[in-house]
Amino acid sequence: MLFEKPKKSFFGKLSEKISEVFLGRTVDEELLEELEEVLITSDIGMETTMKIIGQLREDVRKQGLTTEQQVKDRIASIIEGLIDKGENHQICQEIPLVVLMIGVNGGGKTTSIGKMANKFKQEGKSVLLAAADTFRAAAGEQLELWGERVGVNVISHHEGADPSAVIFDAIQSAKAKNIDILICDTAGRIQTKKNLMVELEKMNKIIGREYPEAARETLLVLDATTGKNAISQAKEFGEIADITGIVLTKLDGTAKGGIVITIADEFNMPVKFIGIGEGMNDLKEFDPAEFAGGLFNE
């Protein structure tokens with residue numbers, strides 16, 4: 001089951017908290033206000049929580065919801081409606097494809113790149129990695145280790161080199177070898193936002209000029225365990241990059257899954273992959289219906 005691990009943390013705790021609020025009570029305004037607090041403390045943002053409770057309040061009145069299970073089922077249904085972005089959850093299937101991976105250092109970007117490369121390779125696609133995070137010490141070496149593990153080549157330059165030069169060389173190699181998917185690591189220094197914006201603009205210009213026939217994805221990697229800080233990162237990166245989807249890492253036994261709902265709703269960003277463990281195969285495609293359906297099915 002895709003969400004077996006998160007269920008032990010976010011799903012189980014949310015269900016428990018709602019059960020604690022009910023305790024045989026009737027569904028009234030006081031109970032709805034307590035449910036609102038439960039959602040907010042589960043890393044679901046204020047704006048999204050207000051949407052959920054507002055819809056629930058209306059449904060209680062119109063549909064006559066009275067039981068705990070009816071309320072839980074309706075909450076799950078409302079959440080599915082908020083997070084489902086249709087086909088946008090799927091990674092682009094066009095080939096060749098260039099994937100720019102962005103996100104702060106420590107969020108699991110390099111690991112996610114390795115797991116994605118492994119996934120694509122298992123699907124029979126050829127993959128090349130570009131170590132364009134030349135700012136962080138040992139970033140290239142880490143990516144090369146993943147390349148060895150997965151069995152894919154990595155294009156890298158020396159530390160401090162021009163990231164766009166790495167992208168340029170990687171594109172030439174990808175074209176020469178008819179590579180299906182080129183995945184590019186990038187620097188994650190959001191604190192120097194202007195520099196990062198200039199860097200990303202230059203990379204995108206190189207890709208557009210040298211590889212106009214390639215389809216594009218720009219994926220933001222966020223660490224689920226950082227909660228509201230990850231939401232802040234989504235806002236910051238959204239201002240400097242045309243993000244096509246989210247890779248949410250560390251959505252395992254330690255994470256609060258409410259961040260999935262907030263990001264999908266407030267930023268209108270589709271979650272494309274979730275990391276549910278440390279294993280090579282623990283990067284899964286995100287399924288909104290399965291996520292929402294698993295909320296209260298322990």
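Buried means under 20% relative accessible area. Keep that cut-off in mind on this tour of a predicted model.

**Stop 1: the whole protein**

Show everything as a cartoon. The protein has eleven helices and eight strands. Its radius of gyration is 21 Å, close to the 19 Å that the globule rule gives for 298 residues, so the protein is as compact as a globular protein of that length. Along the principal axes, the C-alpha atoms fill a box of roughly 65 × 35 × 30 Å.

Of the 298 residues, 57% count as buried.

Colour the charges next. There are 35 positive and 48 negative side chains. The centres of the two sets lie 3 Å apart.

**Stop 2: helix H5**

Select residues 109–122. This is helix H5, with 14 residues. At 1.5 Å a residue it should span 20 Å, and its end C-alpha atoms are 20 Å apart, which agrees.

Is H5 enclosed or open? Eleven of its 14 residues are buried, so H5 is largely enclosed by the rest of the structure. Show the buried side chains, among them Ile113, Met116 and Phe120. Lysines are on the buried list too: Lys109, Lys115 and Lys119.

H5 is followed by Gly124, which has a positive phi, near 90°.

**Stop 3: Glu199**

Select Glu199 in helix H8, residues 193–210. Its relative accessible area is 12%. The cut-off for buried is under 20%, so Glu199 is buried.

What does Glu199 touch? Leaving out residues up to four places away in sequence, Glu199 touches Pro163, Ser164, Ala187 and Arg189.

**Stop 4**

Most residues other than glycine have a negative phi, and most peptide bonds are trans. The last stops show exceptions.

Select Ile95 and Pro96. A cis peptide bond joins them, with omega about 0°. Pro96 is in the loop between helix H4 (68–83) and strand S1 (97–102).

**Stop 5: two asparagines**

Go to Asn178. Its phi is positive, near 55°. Find Asn178 in the loop between helix H7 (163–176) and strand S4 (181–185). Asn178 is exposed, with a relative accessible area of 62%.

Finish at Asn268. Its phi is positive as well, near 50°. Asn268 is in the loop between helix H10 (258–266) and strand S7 (271–275). Buried or exposed? Asn268 is exposed, at 55% relative accessible area.

Key. Residues are numbered from 1 along each chain as its sequence is written. This is a predicted model: local features need pLDDT of at least 70, side-chain atom pairs count only at pLDDT 80 or more; totals for chains, interfaces and linings use all residues. Side-chain values use heavy atoms; hydrogens and water are left out. Helices (H or I, at least four residues) and strands (E, at least two) are DSSP runs, numbered from the N terminus. The radius of gyration is taken over C-alpha atoms; the globule rule is 2.2 Å times the number of residues to the power 0.38. Buried means under 20% relative accessible area, exposed over 50%, partly exposed in between (1.4 Å probe, protein chains only). Lys and Arg count as positive and Asp and Glu as negative; His and the chain ends are not counted. The place of a charge is taken as NZ of Lys, CZ of Arg, CG of Asp or CD of Glu. The expected span of a helix is 1.5 Å times one less than its number of residues. Contact means heavy atoms within 4.5 Å.
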